[in-house]
Amino acid sequence: HITITNDKGRLSKEEVEKMVRDAERFADEDKAVRERAEARNAYESAVYGLRSSLGDKAPAEDKETVDKLVNDGIAWLDAHPDASKEEYESQLKQFQEVSTPIITKMYAAAQGAEGGDARWYARWHARLPRSAAAGAGPAAGAGPPSTSSTEPAE
């Protein structure tokens, strides 16, 4: 809802009406720009979050994959600053399809190790875009197995 007031009588009724029409006309465009920025931020957050969370913690057999995944993600972001919302979402989905199994394996290993500390996993998971962390997309179920009988098993 858009409200324009003319408290001091500086605008004519026609000018106010034109401003309202223009604002309504651009509302859809503004929404599209916002959604595109949110999609870019989600992908960018996943890429940089993986890099900062894993650091040197990636298992030797996955280190090359993680490094390539992060470097390719950064390169793609740099090469496609004007990508569409759908392109960013597609890149995020592909990224998560590769990164989620590695993170899950690392989490399981950390949980199974004597005195294992999975704080790194909690930090990484907290950086996931809300849609992925909430269970949408390929990252759904990537967290620890549920121990609560009230939560559905995935």
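Predicted model: local features only at pLDDT ≥ 70, side-chain atom pairs only at ≥ 80, totals over all residues.

1. A residue is called buried when its relative accessible area is under 20%, exposed when that area is over 50%, and partly exposed in between. Arg36, with a relative accessible area of 25%, therefore counts as partly exposed.

2. Overall fold. The protein chain contains five helices and zero strands, so that, by the DSSP runs used here, its elements read α-α-α-α-α from the N terminus on. Of the contacts with a separation of 6 or more, 62% are between residues 24 or more positions apart.

3. Burial and surface. The protein chain has 154 residues, and buried ones make up 27% of them. Its accessible surface is about 10,300 Å²; carbon and sulfur atoms contribute 50% of that area.

4. Lys85 and Glu35. The structure holds 11 salt bridges. One of them joins the side chains of Lys85 and Glu35, with an N to O distance of 3.7 Å. Because Lys85 belongs to helix H3 (residues 85-112) and Glu35 to helix H1 (residues 13-54), this pair ties together parts that are 50 residues apart in sequence. Lys85 has 27% relative accessibility and counts as partly exposed. Glu35, at 25%, is also partly exposed.

5. Arg36 and Asp82. What is the distance between the closest N and O atoms in the salt bridge of Arg36 with Asp82? Those atoms are 3.9 Å apart; the cut-off for a salt bridge is 4 Å, so the pair is counted. This pair also links distant parts of the chain: Arg36 is in helix H1, while Asp82 is in the loop between helix H2 (60-79) and H3, 46 residues apart. Asp82 has 69% relative accessibility, which means that it counts as exposed, whereas Arg36 is partly exposed at 25%.

6. Lys85 and Glu89. Lys85 takes part in a further salt bridge, with the side chain of Glu89, at 3.9 Å from N to O. Both residues lie in helix H3, four residues apart, which is about one turn of the helix. Glu89 is partly exposed, its relative accessible area being 39%.

How values were computed. Residues numbered from 1 in each chain as written. Heavy atoms only, no water. Helix = DSSP H or I, 4+ residues; strand = E, 2+ residues; numbered from the N terminus. Buried < 20%, exposed > 50% of the residue type's maximum accessible area, 1.4 Å probe, protein only. Contact = heavy atoms within 4.5 Å. Areas by Shrake-Rupley, 256 points an atom, 1.4 Å probe, with all protein chains shown as cover.
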